[in-house]
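Please have a look at the fold before reading on.

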Amino acid sequence: MTEIPIEAQIKPFIFLILLICFLSLNIIYAKTNENLGNKREINAFKGMLVSFMIYVLEDSRLLIGDAFYTALPRPIVLFIMSTGFASMSFACFFWFLHVSANLSKPSGLSKICSFDIRTILIHLPLALVLLLLYTPLYVCVYELSGNTPVFKPMLSFILLMDYIYLISATIISIRNRIQAKTKHEKKKYNSQIIFILFFTINGILIAFLLNLPAIELCVIPVVLKLFVELQDAQIYTDALTKLYNRRRMTDFINEEIATCSEEHPLTIIMMDLDYFKSINDILGHEEGDKALVAISKAMRKILLPRNAVAARWGGDEFVIAGKDPALSSEFRTLLSKTFEDNKILGYTPSFSTGTYICTSHATTCTEALAYADSALYKDKEERHKTAGDFIQKLHEIKMK
């Protein structure tokens, strides 16, 4: 009986691992769309998936074995090897972009002054890696000695450039984790923080499993977890305004009521847009959606530095909740000021609010919201006594 070499026995399993990994990444890529997050965040995540897919294709050389290094023309072999290293650097680069996608951008003069240097700094590590891999400098990273690759000290420099992105992304995730206001957000950032362990473990595995698809064994569970986190975020996010939805806000209020007291009261504000039906009827539903988005952006802006969150409760109604001591007294003033500075709409939106301050954990979420809704109804009744002026303004805008 002829004994089958161990290499021949392993190759079917290598092929199966590569195939499953590549197909899984393709499926996740196809299911990843802008409904799961903002455009920059999703494009960066998809870029990372593509980088992993390229790496899987490059790792198909494992099916050929050492013969790979002599079976193809030398320039092609060098290009494939360099692409393998570059694909992992691109994965780290896109991961950093994904994590930093929700950071606020510089605006005005600061944006003009900082754009070039910020862009250069972000792309510099990746540019250095590509310079090393796709120019004659590649000999500082690796060389081919017969049918065996020999790795050089500059390979450590490439790993250092990768870790610049990974460590920066981890620092951002830790900061976001500290600032997170709900358990769902904390869960998302926890997953981002442990992502750096994935690359670290891969580096260790590759050192011991040089001719096996070590990275592919780790890619699928990690990427799948990240994808599930994106989907979970979508479940708890309003599609139009990108605020929390009703389900997520209910969870948040229940969590906060459990720890509220006279010393740490929970402020709950119900708010809705005045004359929203008139905006839709006179200017159209597209303008109505624009108003909802504008009010959502305004609330995110004023609540970001405060211990409070906002959610779209339904239609033109919103709920704001948090334990910021000044929330009940400052919210209306801050939001009105933000609307006055608004340049997107051709008018200054009017809104009504109702506030309830909860000081007892015995109060239920339903009861707290009912108290706030009752106060909202009274405020709305008062404000709708002067509806004529605002509706006249809408007709004037339509005639322009």
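## Aromatic pairs

Rings of Phe, Tyr and Trp (its six-membered ring) are paired here if their centres lie within 6.5 Å; planes under 30 degrees apart are called stacked, over 60 edge-to-face, and the rest tilted. With this rule, the count is 10 aromatic pairs. One of them joins phenylalanine 85 and tyrosine 142, a tilted pair at 5.9 Å centre to centre with 35 degrees between the planes. Because phenylalanine 85 belongs to helix 4 and tyrosine 142 to strand 1 (residues 142–145), this pair ties together parts that are 57 residues apart in sequence. Helices (H or I, at least four residues) and strands (E, at least two) are DSSP runs, numbered from the N terminus. Tyrosine 142 is buried, at a relative accessible area of 0%; buried stands for under 20%, exposed for over 50%, and partly exposed for in between (1.4 Å probe, protein chains only).

Phenylalanine 90 and phenylalanine 94 make a stacked pair, 6.2 Å centre to centre and 25 degrees between the planes. They sit 4 residues apart in helix 4, so about one helical turn separates them. Phenylalanine 90 is partly exposed, with 26% relative accessibility. Both rings belong to one aromatic cluster, formed by Phe90, Phe93, Phe94, Phe96 and Tyr165.

## Cysteines

How many disulfides does a search of the whole structure find? The result is 0, taking a disulfide as a pair of cysteine sulfur atoms within 2.5 Å. For cysteine 260, the closest cysteine sulfur is that of cysteine 358, and at 3.7 Å it is too far for a bond. Cysteine 260 is buried at 5% relative accessible area, and cysteine 92 is buried at 1%.

## The enclosed space

A cavity is a set of points, on a 1 Å grid over the protein atoms alone, where a 1.4 Å probe fits but cannot get out; lining residues have an atom within 4 Å of a point. There is 1 cavity of 30 Å³ or more, and the largest cavity holds about 50 Å³ of space. Its volume is the space filled by probe spheres set on the points, which are joined across faces, edges and corners.

Trp95, His98, Lys188, Ser191, Gln192, Leu226, Glu229 and Leu230 line the largest cavity. Helix 4 (74–99), helix 7 (183–193) and helix 9 (214–235) are the elements giving two or more residues to this lining.

## About the model

This is a predicted model, in which local features need pLDDT of at least 70 and side-chain atom pairs count only at pLDDT 80 or more, while totals for chains, interfaces and linings use all residues. Residues are numbered from 1 along each chain as its sequence is written, and side-chain values use heavy atoms, leaving out hydrogens and water.

How values were computed. 1 Å grid on protein atoms, 1.4 Å probe; cavity = no way out; pocket = protein on both sides within 12 Å on 5 of 7 lines; lining within 4 Å.
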